[in-house]
Amino acid sequence: MDNSLNQHNPIQVSVVVPLFNEAESLPELTQLIEANLQAANHTFEIIFVDDGSTDESWNVIEDLKKSFSFVRGVKLRRNYGKSAALQAGFDIVKGDFICTMDADLQDDPAELPPMIQMLKDGYDLVSGWKQKRYDPISKTLPSRFFNFVTSKSTGIALHDFNCGLKAYKAEVIQNINLYGELHRYIPLLAQDEGFRKIGEKAVQHHPRKYGYSKFGFSRFVKGFLDLVSLLFVQRYLQRPMHFFGTIGTISLLSGSGIITYLTFGRIFLNQYLSNRPLLIFGVLLMVLGVQFFSVGLIGELIIKQSGVKKADIKEII
């Protein structure tokens, strides 16, 4: 059932804001979100997820809760990362439409109503695109390369996978699970669950007003590793033999070719093999080939036994 059609839900929009040491920006951000969503006649809630802040962020959230009935807060025991913080917020949302944005005031809350309208017009997910960024070149250049590689490898035509400003139908976030650094790949996770209507909107980006960026270059390394993992699972989860069997075949044929060549030399050319490291290499390739084949077969057996989960059934008539 599409939750966006639920006319009885008193909360239309849930805004999830993960944060780490952003105490100064929270009051202003709250007022901006309130002004823009109220102007669009949306009922809403704001869920601040404190990802183990060491400043006064949680105290500020508690004060905001006392002043605004639509404010909710989640405090994590330590800094788990953005994906875990988003998932903690997703677990308690009440809205038909879920929006996410960063807490540093670089994302503009004025973009929320038009993104929500795009969801109402039929999109499952709308991702922001920071066409003009107010970040140092040390962040923008790696980000452009990262986005280009991700778009080409996933087939999803987005310019800015890492933009924190996104909007989803509730059904989307109910069918994905975030961990590690997977927040960058929510569009890919959504597509893998059958949500193909993914849109993009150019959004306004502002210079950072308070504090400093909490992300370094290491996030791109982790991001690429997560991308490789996701692509492997997406393409070979239901057919592991295609991956392991291909490697096994190449390895087995290569090893067999080497052994055949050495055998020919020993029988017809009287070549001794005791000083030929190539023999050990050929045997190793054959052993590895058999092992890869075995892993592929075991994977196929596991897939066949698991069958189709009830959660995978989209409709019954």
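## Rings and helices in a predicted model

At a relative accessibility of 19%, Phe 244 counts as buried, because the cut-off for that class is under 20%. Keep in mind as you look around that this is a predicted model.

What kind of pair do the rings of Phe 243 and Phe 244 form? Their centres are 5.1 Å apart and their planes meet at 85°, so the pair is edge-to-face.

Another pair to find is Phe 264 with Phe 268, whose ring centres lie 5.0 Å apart. Here the planes are at 40°, so this pair is tilted. Both residues belong to helix H9 (residues 240-268), where 4 residues, about one turn of the helix, separate them. Phe 264 is partly exposed, while Phe 268 counts as exposed.

| Residue | Relative accessibility | Class |
|---|---|---|
| Phe 244 | 19% | buried |
| Phe 264 | 46% | partly exposed |
| Phe 268 | 60% | exposed |

How many aromatic pairs does a search of the whole structure find? The search finds 6. Ring pairs also join Phe 44, Phe 68 and Phe 70 into a cluster.

Now for the helices. Helix H1 (residues 26-39) packs with helix H4 (residues 112-120) at an angle of about 50°, and their axes are 9 Å apart. The two helices are therefore oblique to each other. On the H1 side, the contact is made by Ile 33, Asn 36 and Leu 37, and on the H4 side by Leu 112, Pro 113 and Ile 116. Sorted by class, this contact has 5 nonpolar residues, 1 polar residue and no charged ones.

One last stop is Tyr 210, found in the loop between strand E7 (198-202) and helix H8 (218-236). Is Tyr 210 buried, partly exposed or exposed? Its relative accessible area is 24%, so Tyr 210 is partly exposed. Although Tyr 210 and Glu 22 are 188 residues apart along the chain, their C-alpha atoms are separated by 7.7 Å. Beyond its neighbours within four places in sequence, Tyr 210 is in contact with Glu 24, Ser 25, Glu 28 and Leu 105.

Terms used. Residues numbered from 1 in each chain as written. Predicted model: local features only at pLDDT ≥ 70, side-chain atom pairs only at ≥ 80, totals over all residues. Heavy atoms only, no water. Axes fitted to C-alpha atoms, helices over the stretch in contact; angles between N-to-C directions. Parallel < 35°, antiparallel > 145°, perpendicular 65-115°, else oblique. Contact = heavy atoms within 4.5 Å. Nonpolar A, V, L, I, M, F, W, Y, C, P; charged D, E, K, R; others polar. Phe/Tyr/Trp six-rings, centres within 6.5 Å; stacked < 30°, edge-to-face > 60°. Buried < 20%, exposed > 50% of the residue type's maximum accessible area, 1.4 Å probe, protein only.
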